[in-house]
Amino acid sequence: MIPLPEKPFLMLSSKVKVRSKEPYWLLRNGILNSYPTLRNDISCDILVVGGGITGALMAYQFSSEGYQTVVIDKRDIGMGSTCATTSMLQYELDVPLYRLTDMIGKKAATDVYRGGVDAINKLANILDNLNTRCGFSYKESLHFAYSVQDARAIRCEFECREQAGIKVKWLTKDQINSRYGVVCEGGILSETAASMDAYQLTHFLMDFAIKNLGLRVYDHVQLKSVKYKKDMNVVIADTSAKIECSCVVYATGYETHELLDNGTEIGDLISTYACISEPFATLPEGLTQTVFWNTQDPYFYFRTTSDNRLLIGGEDEDFQNPERRDKLIEKKELELVRKLNKTLPGFDFVADFSWAGTFGSTKDSLPYIGGHPDLPKSYFMLGFGGNGITFSIMGMEILSDAIAGRPNKFLEYFKFRR
Ligand SMILES: Cc1cc2nc3c(=O)[nH]c(=O)nc-3n(C[C@H](O)[C@H](O)[C@H](O)COP(=O)(O)OP(=O)(O)OC[C@H]3O[C@@H](n4cnc5c(N)ncnc54)[C@H](O)[C@@H]3O)c2cc1C
C-alpha cells in the first residue's frame, strides 16, 4: 500500500443537479440503449467514471487501443449535461486569442486555438470511419459584434487569428446583414465549426465499442471511494462491487466539483439556458450552414438543427442552486427570444422547449486534462469553459499519451495548479 488513505468521495448529487428536466435531446431521442448495473467485483485496465459524451469518447479511444476498459455512471448513460448541451463545436474559446496570448504565451495560445480546429476535423474523421453522423454537420462560425466598440476589439482578434494561420474572414455589418439577415456591427467568420447531437453520439460510441472493442458499460453505479494500492486502484461502488483497475479516468463533468474539494481548485459553476423553436418549413441556407455567437457578456448564440429548428442560448449567470436556476427558465426564455428578435428581425420564432443546465468555467477558459498531483493513477478529463466538447475530443489523444507515458504539450497547458 502506498501511504495514502482511502479516499471516500463526497456525493452531493442532490445539490448539483447538472440540468433541468426535459432537455430537448432527451425528448427527441428517448432512451437509446440500456446498460446493466454492476453487482460483482471485476477488474480492468482503465475505469472511466462518467458516461456522458466525454466518457464515451475516452472509452472509445482506450478500447480502440486495446485496453480492457469499463465505464460506470451513476445515472443512465448520457443523462448528465450531455443530453442538455446545444453541441456547437467551436475552436474559439471564451477568452480571445490575443488575451490568451497575454495569459499563457503566444505558442501555447496558438497551439490551443489550432488544437480546437484539429479536434473538430478529428471528430468528423471518426464519424466517417464509423459510417455514422449523429447529427454532425460541418458549419462556419460567425462571431459578431454587438456594438461599434466590440467591433473594434474583435477586429484586433481577427488579425491575431489570421497571423496564427487560422482560416478566418472579416465581414462588415452590411455583408453580414445581406448574407444572414443578422443585425450587428461586423464580425469574424471562421471556416471550421460544426454542430451535432452529443447524446446520440454518446450512445452510438458506447454501443459500437461494446459490440466491437470489448468495452463494458454499467449504469446506476456510483463511485463511492477509492483505495490506492501500489500497482492498482480499487474503486468501491455504491452497489458494493469493487473494480480493480490500473488507472481511473474521471469524466465526471461538472459534478467533479464534488470530488475535488468542492471545486475550489478548478473554477466556478455557471447556470445557462437554451430554447428551441418549433420546426420551420424552410430556413435560409446562410443560417443552416453557420453557428452564431455575439460579443455580449454573457454572450447570446444560436444555430439551426437537422430537424429545421432554431436553437438559441445564453443568459448565463452564477450558479447558486438548481432550484433557482430552473425557476428562471420561463423568464430566460422570454429574454432569449427578445434577443433573437432584435438580432434576426422578422423571424417568427415560436418557442417549443426550454431548459437549463450548469457548466463550469475556469480562470483561463482552458480545461483540466491529465493526472492529478494528489491522486495516484488518476486522470481527469474536465472540458470546462465554453468549449467543453471540443476539449473532450482533444482529450482523447492527450490522456492516451498521459496514460502511456508519452509527452504531449497539452498536458502542460491543461495541468492542475497551473
Ligand atoms: C445548456 C448547455 C449548452 C451547452 N452548449 C455547449 C456547446 O454548444 N458546445 C460545447 O462544446 N459545450 C456545451 N456545453 C457544455 C457541454 O454540455 C459539456 O461540455 C458536456 O456535456 C460535458 O460532457 P461530460 O460527459 O463531461 O459531462 P456529463 O454529460 O455531465 O457526464 C458526466 C457523467 O458523470 C457521471 N458521474 C458523475 N459523478 C459520478 C460518480 N461519482 N460515479 C459515477 N458516475 C458519476 C454523471 O452521472 C454524468 O452522466 C453546454 C452545456 C449546457 C448545460
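Biologist: How are helices α2 and α7 oriented to each other, roughly parallel or roughly antiparallel?

Modeller: Look at the angle between the axes; under 35 degrees counts as roughly parallel. In this predicted model, α2 (residues 53–64) and α7 (residues 198–213) pack at about 25 degrees, with axes 9 Å apart. The two helices are therefore roughly parallel to each other. The crossing of α2 past α7 is left-handed.

Biologist: Which residues make the contact?

Modeller: From α2 they include Ile 53, Ala 56, Leu 57 and Tyr 60. From α7 they include Leu 201, Leu 205, Met 206 and Leu 213. By kind, the residues of this contact divide into 11 nonpolar, 3 polar and no charged.

Biologist: What span should helix α5 have, and what span does the model give?

Modeller: Count 1.5 Å a residue: the 16 residues of α5 (residues 148–163) should span 22 Å, and the end C-alpha atoms are 23 Å apart, which agrees. Just after α5, Gly 165 has a positive phi of about 85 degrees.

Biologist: Which residues of α5 are buried, and what covers them?

Modeller: They are Asp 150, Ala 151, Ile 154, Phe 158, Cys 160 and Arg 161. The cover includes α3, β5, β6 and β7.

Biologist: Is Glu 244 buried or partly exposed?

Modeller: Count the C-beta atoms around the residue; burial takes 20 or more within 10 Å. Glu 244, in strand β11, has 16 others within 10 Å, so Glu 244 is partly exposed.

Biologist: Where is Ser 43 relative to Glu 244?

Modeller: Sequence and space are read separately. Ser 43 and Glu 244 are 201 residues apart in sequence, yet 4.5 Å apart in space, C-alpha to C-alpha.

How values were computed:
Residues numbered from 1 in each chain as written. Predicted model: local features only at pLDDT ≥ 70, side-chain atom pairs only at ≥ 80, totals over all residues. Axes fitted to C-alpha atoms, helices over the stretch in contact; angles between N-to-C directions. Helix = DSSP H or I, 4+ residues; strand = E, 2+ residues; numbered from the N terminus. Parallel < 35°, antiparallel > 145°, perpendicular 65-115°, else oblique. Left-handed = near helix turned anticlockwise from the far one by under 90°. Contact = placed C-beta atoms within 7 Å. Nonpolar A, V, L, I, M, F, W, Y, C, P; charged D, E, K, R; others polar. Expected span 1.5 Å × (residues − 1). Buried ≥ 20, exposed ≤ 12 C-beta atoms within 10 Å, placed from the backbone.
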